[in-house]
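Dear colleague,

I am passing on the structure below, and after it I set out what was found. Please read the notes with the coordinates open beside you.

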Amino acid sequence: MTEKRAVPPPTTSYFGERTFNLETMRSKLPRNVYRAIEQTILAGAKLPPEHADVVAHAMKEWALEHGATHYCHWFQPLTGATAEKHDAFLHIESDGTPIERFSGSQLIQSEPDASSFPSGGMRATFEARGYTAWDPSSPAFIMTSGQSATLCIPSAFISYHGQALDEKTPLLRSSAALSRAATHLLQLLGHTDVDRVVTLLGVEQEYFLVDRGLYEQRADLVMAHRTLVGALPPKAQQLEDHYFGAIPDRVLDFMHEVERELYELGIPAKTRHNEVAPHQYELAPIHEGVNIAADHNLLIMETLRRVAKRKGLALLLHEKPFAEVNGSGKHNNWS
């Protein structure tokens with residue numbers, strides 16, 4: 001007798017449950033504070049400094065409800081990856097009493113050591129102070145790993161004099177400049193009710209999956225993330241039979257777990273399919289504001305890596321890991 005398959009809950013029942021999004025803020029913040037931060041997120045208005053402590057307290061309480069013990073400013077230095085320094089919510093009072101504390105100043109700014117991050121040679125090492133600054137337009141989220149849960153706060157990373165030390169700051173500045181120019185043009189054309197123009201982006205992510213046991217036998221794949229030696233396979237993509245073909249069971253199980261984690265993080269993964277080359281696949285989310293879309297793409301890549309390792313697979317994000325077959329792209333669909 002075939003065992004009946006358990007019906008999973010609908011995606012909407014847990015979508016974004018690990019993000020401090022507007023819906024969560026509405027239930028956690030006083031009405032006036034919620035309205036202020038809503039205008040900051042949706043319209044780019046400045047958040048009054050006096051609201052920072054209120055937001056920080058609500059964010060901390062929400063994070064504790066999800067088992068978080070630490071928080072970090074999650075930023076994007078010029079390394080091609082993200083960076084984070086975890087600090088505990090734990091604070092010891094003068095009488096020795098332990099409490100959890102997270103202040104508005106800790107939410108807004110942190111000061112990681114920037115001397116070991118790339119700076120383009122624009123500063124001497126002894127001047128390499130760097131500051132992370134909270135980006136309220138991208139929702140904070142809970143990242144879990146085993147028994148650990150950490151509140152991650154998307155942040156910009158700048159020098160003392162305001163030079164960009166990351167990927168996010170130029171994107172935010174470019175988006176603001178584009179909005180100003182486009183708004184000015186539209187108003188000249190008679191659209192006087194326009195006060196902001198938002199750029200949307202959908203980032204497709206292609207990748208290869210390889211059995212981890214086979215991957216670990218190839219030193220070139222392990223160290224360079226691409227093959228450097230070896231013979232071509234007898235069959236590659238000549239028959240074009242892999243593209244949009246039936247997804248293998250092992251890969252589909254991997255994709256399902258990836259999507260579950262992405263949905264919890266509020267990432268709207270929409271499409272999954274076989275790509276052109278053997279063992280090549282694609283994940284495409286629904287388009288979002290360009291800043292959030294960029295943050296989400298970094299989280300997508302990190303989630304793909306972590307789940308692949310759990311499933312006994314190796315993820316390859318290199319642009320051209322194998323000769324004579326298609327490479328992997330990250331197609332950007334702008335609007």
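How many aromatic pairs does the count come to? Rings of Phe, Tyr and Trp (its six-membered ring) are taken to pair if their centres lie within 6.5 Å, with planes under 30 degrees apart counted as stacked, over 60 as edge-to-face and the rest as tilted; by this rule the count comes to 12 aromatic pairs. The rings of Phe 89 and Phe 102 have their centres 5.8 Å apart and their planes at 80°, so this pair is edge-to-face. Phe 89 sits in the loop between β2 (87-88) and β3 (90-92), Phe 102 in the loop between β4 (98-100) and α4 (104-108), and the pair, 13 residues apart, links distant parts of the chain.

Two points on provenance come before the rest. This is a predicted model, in which local features need pLDDT of at least 70 and side-chain atom pairs count only at pLDDT 80 or more, while totals for chains, interfaces and linings use all residues. Residues are numbered from 1 along each chain as its sequence is written, and side-chain values use heavy atoms, with hydrogens and water left out.

Helices (H or I, at least four residues) and strands (E, at least two) are DSSP runs, numbered from the N terminus, and two strands pair if DSSP finds at least two bridges between them. An open sheet is formed by 4 strands in the order β11-β12-β10-β14, with antiparallel pairing. Its edge strands, β11 (269-274) and β14 (313-316), each pair on one side only. Between β11 and β12 (residues 280-285), which run antiparallel, there are 5 bridges, and Asn 274 stands opposite Tyr 281 in β12. Helix α8 (residues 249-264) lies across β10 (205-211), β11, β12 and β14, running at about 165° to β11; here contact means heavy atoms within 4.5 Å, and axes are lines fitted to C-alpha atoms, for helices over the stretch in contact, with angles from 0 to 180 degrees between N-to-C directions.

A further open sheet has 3 strands in the order β13-β9-β15, again with antiparallel pairing. There, 3 bridges join β9 to β15, and the bridge partner of Leu 201 is Trp 334 in β15.

Turning to the pockets, the search used a 1 Å grid over the protein atoms alone and a 1.4 Å probe, a pocket being an open set of points with protein on both sides within 12 Å along at least five of seven lines, and lining residues having an atom within 4 Å of a point. Grid points are joined across faces, edges and corners, and a volume is the space filled by probe spheres set on the points.

The largest pocket holds about 1400 Å³ of space and is lined by 42 residues, of which Thr 40, Gly 44, Asp 135, Ser 137 and Arg 196 lie nearest its centre. The most is given by α5, with 8 residues. The second largest pocket holds about 820 Å³, and of the 35 residues that line it, Gly 80, Asn 297, Leu 298, Met 301 and Lys 330 are the closest to its centre. In this second lining α9 gives the most, with 10 residues.

Best regards
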